[in-house]
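Here is a friendly briefing to keep beside your structure viewer.

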Amino acid sequence: MRTAAAPAPAMSRPAISACVITYNEADRIGACLAALDFCDDIVLVDSGSTDATRELAAQHGARVFTRVFDGYRAQKDFAVQQARHDWILFVDADERVSPALRASIETARAGGFAAAHGYRCARATRYLGEFLRHGNAYPDRVLRLFDRRHGGFRGAREIHEHVEVDGAVALLHGDLLHEAYRSLDDQLARYERYARLMAEHMQHSGRRARIANIVLNPTWRFLRGYVLRGGFLDGWRGLFYAYLEANYARQKFIRLWLLQRGPR
């Protein structure tokens with residue numbers, strides 16, 4: 001008599017640690033963390049907020065750490081190191097995991113994340129009241145779910161940092177919702193800060209600015225986003241977004257130009 005084959009062992013369900021870094025995000029952190037309630041662990045690293053960010057995060061079950069800010073990459077890498085689990089879902093305080101994205105993550109998790117060591121998703125940015133669906137703003141695919149044993153925030157760049165992984169990267173369905181700017185003033189202030197930090201990074205990396213960069217790089221950025229990628233389909237919001245992005249590129253190269261000539 002043939003004996004029945006033993007059932008295959010059930011695939012274990014990997015645990016996920018969600019990681020967030022913050023500074024004065026009391027008005028947004030609640031919605032961010034509420035959308036992470038399917039994760040098994042939440043790590044929040046705060047840079048010394050003067051509002052109720054840390055208290056609100058603790059109320060949502062996050063493990064809260066305070067660390068002096070010394071760069072975006074370093075702060076995020078520290079958060080990853082504090083995680084209890086190897087699979088990391090990294091979101092910013094102004095981002096929300098949509099129901100569709102959550103479902104896609106859960107489907108991948110049910111399969112043991114066997115398809116890849118990292119997963120990208122599309123990020124949709126709400127801009128002046130509406131989500132942008134074209135141009136440089138969308139789909140803006142970002143790698144935010146990864147196995148830290150095979151990747152992380154590598155390199156020395158502390159601005160516009162991103163995750164790198166060894167091995168396959170798969171695409172999740174659903175959007176990461178990005179509540180990017182509280183106001184136009186907030187956007188302008190951020191671009192000013194990012195332009196300064198990027199110019200300093202480029203200078204330290206040996207990059208040099210030329211007049212052509214100041215003139216042509218912003219022009220190409222605008223044309224690529226507004227025309228070639230259909231930013232004009234987002235109406236006046238698409239125009240404003242593309243124009244201010246181009247101006248950010250201009251500021252970055254002007255600052256680099258001045259840095260390489262020394263103090264005056």
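Arg154 is partly exposed, because its relative accessibility is 36%; the class covers values between buried (under 20% relative accessible area) and exposed (over 50%), taken with a 1.4 Å probe and protein chains only. The side chain of Arg154 meets that of Asp166 in a salt bridge, 3.0 Å from N to O; the term stands for a side-chain nitrogen of Lys or Arg within 4 Å of a carboxyl oxygen of Asp or Glu. This is a predicted model, in which local features need pLDDT of at least 70 and side-chain atom pairs count only at pLDDT 80 or more, while totals for chains, interfaces and linings use all residues. Residues are numbered from 1 along each chain as its sequence is written, and side-chain values use heavy atoms, with hydrogens and water left out.

**The Arg154 pair in place**

- Helices (H or I, at least four residues) and strands (E, at least two) are DSSP runs, numbered from the N terminus.
- Asp166, too, counts as partly exposed, since its relative accessible area is 44%.

**Other salt bridges**

- How many salt bridges does a search of the whole structure find? The count is 28.
- One of them joins Arg102 to Asp37, with the closest N and O atoms 2.7 Å apart.
- Arg102 sits in helix α4 (residues 99-110) and Asp37 in the loop between α1 (29-34) and β2 (41-46), so this pair ties together parts 65 residues apart in sequence.
- Arg102 is partly exposed at 32% relative accessibility, whereas Asp37 is exposed at 54%.
- Arg149 pairs with Asp147 in another salt bridge, the closest N and O atoms being 2.9 Å apart.
- A network of salt bridges links Lys76, Asp92, Glu95, Arg123, Asp140, Arg144 and Glu161.

- Leu128, Leu184, Leu188, Trp236, Leu239 and Phe240 make a nonpolar surface patch of about 520 Å².
- Patches are made of residues with over 30% relative accessible area and no salt bridge, joined within 5 Å for nonpolar side chains (Val, Leu, Ile, Met, Phe, Trp, Tyr) and within 9 Å for like charges.
- The accessible areas come from the Shrake-Rupley method with a 1.4 Å probe, and for residues only the protein chains shown count as cover.
- Helices α5 (184-204) and α7 (235-259) each supply at least two residues of the patch, and α7 gives the most, with three.
- Trp236 belongs to helix α7 and is partly exposed at 44% relative accessibility.

**Helix packing**

- Helix α6 (residues 211-228) packs against α7 at an angle of about 160°, with their axes 8 Å apart.
- That angle makes α6 roughly antiparallel to α7, a label for angles over 145 degrees.
- Axes are lines fitted to C-alpha atoms, for helices over the stretch in contact, and angles run from 0 to 180 degrees between N-to-C directions.

**The whole chain**

- The protein chain has seven helices and 11 strands.
- Its C-alpha trace spans about 90 × 40 × 40 Å along the principal axes.
- Of its 264 residues, 45% count as buried.

Definitions and conventions:
Parallel < 35°, antiparallel > 145°, perpendicular 65-115°, else oblique.
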